[in-house]
Amino acid sequence: MSLLTVIARNLAAICSFVIITSVNAQQPVEVTDQKIKISAKSSEELLFAFAAGDQVVFNFSAITY
């Protein structure tokens with residue numbers, strides 16, 4: 001087997017491992033599940049930290065009493 005073939009096979013194996021690891025690491029994570037009571041003329045500030053490249057999805061609904 002030539003050196004080029006061995007290098008190509010090793011490179012393919014490394015790339016496959018990196019792709020599989022990356023796909024498995026991208027699972028959604030629920031950061032918080034909260035109910036916040038805010039009066040009509042007030043505001044509420046929540047702070048969270050995320051890594052570069054993270055995507056944030058907001059799900060919210062208004063509940064009136």
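Student: How many of the 65 residues of the protein chain count as buried, as a percentage?
Tutor: The share is 0%, where buried means under 20% relative accessible area, exposed over 50% and partly exposed in between (1.4 Å probe, protein chains only). This is a predicted model, in which local features need pLDDT of at least 70 and side-chain atom pairs count only at pLDDT 80 or more, while totals for chains, interfaces and linings use all residues. Residues are numbered from 1 along each chain as its sequence is written, and side-chain values use heavy atoms, without hydrogens and water.

Student: Where does Ile 38 lie relative to α1?
Tutor: Ile 38 is in the segment after α1, which spans 3-24. The chain has 1 helix and 0 strands, counted as DSSP runs (H or I, at least four residues; E, at least two).

Student: What makes the nonpolar patch on the surface?
Tutor: Val 31, Ile 36, Ile 38, Leu 46, Phe 48, Phe 50, Val 56, Phe 58 and Phe 60 form it, with about 950 Å² of accessible area together (Shrake-Rupley, 1.4 Å probe).

Technical notes. Patches are made of residues with over 30% relative accessible area and no salt bridge: like charges are joined within 9 Å, nonpolar side chains (Val, Leu, Ile, Met, Phe, Trp, Tyr) within 5 Å. A salt bridge is a side-chain nitrogen of Lys or Arg within 4 Å of a carboxyl oxygen of Asp or Glu.
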